[in-house]
Amino acid sequence: MSQKVISFHYTLKDDKGAVIESSKGGEAMAVLTGSDSILPKVEKTLLAMGIGDKKSVKLSADEAYGPYDERLVGQAGRNELPEQLEVGMQFTAQQGAHMSIVTVTAFDDNVVHLDANHPLAGKALEFDLEVTGSRDATAEELSHGHAHGPGGHHHH
Ligand SMILES: [Zn+2]
């Protein structure tokens, strides 16, 4: 199947219906399908929708960001991290081939407690989706592996 660029608005909610994040009121997000840029179940749902369609999709923690892994919780020396530190601050860390986001959960003068779980790990989620556009991907987008234009990458 040819790859498409789908534009959509989304509202992400937890399993109690509390809104975590929403694109409403801002720019619709644009994604290149088949590029692993969004959760597979969300992409599958978007591919089955037409422009103007609205749909909600529920994801278990496994279908979303995976289970919470206690082994990804650790600590670092206070001097290994920037002087300006706040609980909730996030850093990107290279772990083998993967970039992961590490969140500061607590710190004192000597030790910083870190959590490399995805902030939404272990959570069942629901996405309210609304497709606003769909088109074939350009050759340039296919070679870059991401969508360009509004809601996509703006690096050109
Ligand atoms: Zn690009």
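A polar contact is a pair of N or O atoms within 3.5 Å; within protein, one of them must be able to donate a hydrogen and the other to accept it. Keep that in mind for the first view of this predicted model.

**View 1. His 148 and its polar contacts.** Let's start with a single side chain. His 148 sits in the segment that follows α2 (139–144). The side chain of His 148 makes a polar contact with the side chain of His 146, at 3.3 Å. Is His 148 buried or exposed? His 148 counts as buried because its relative accessibility is 11%, and buried means under 20%.

**View 2. Strand β8 and its pairing with β5.** Next, look at two strands side by side. Strand β5 (residues 73–77) pairs with strand β8 (residues 111–115) in the antiparallel sense, over five bridges. To find your place in this pairing, look for Ala 76, which stands opposite Val 112 of β8.

**View 3. The hairpin of β7 and β8.** Now follow β8 to another partner. Strand β7 (residues 98–107) runs antiparallel to β8, and four bridges join them. How many residues lie between β7 and β8 in their hairpin? There are three. Val 112 turns up here too: Phe 107 stands opposite this residue of β8.

**View 4. The two domains.** Finally, step back to the chain. It is divided into domain 1 (4–64 + 121–144) and domain 2 (70–115). The C-alpha centres of domain 1 and domain 2 lie 29 Å apart.

Definitions and conventions:
Residues are numbered from 1 along each chain as its sequence is written. This is a predicted model: local features need pLDDT of at least 70, side-chain atom pairs count only at pLDDT 80 or more; totals for chains, interfaces and linings use all residues. Side-chain values use heavy atoms; hydrogens and water are left out. Two strands pair if DSSP finds at least two bridges between them. Buried means under 20% relative accessible area, exposed over 50%, partly exposed in between (1.4 Å probe, protein chains only). Domain bounds come from an automatic or database domain assignment.
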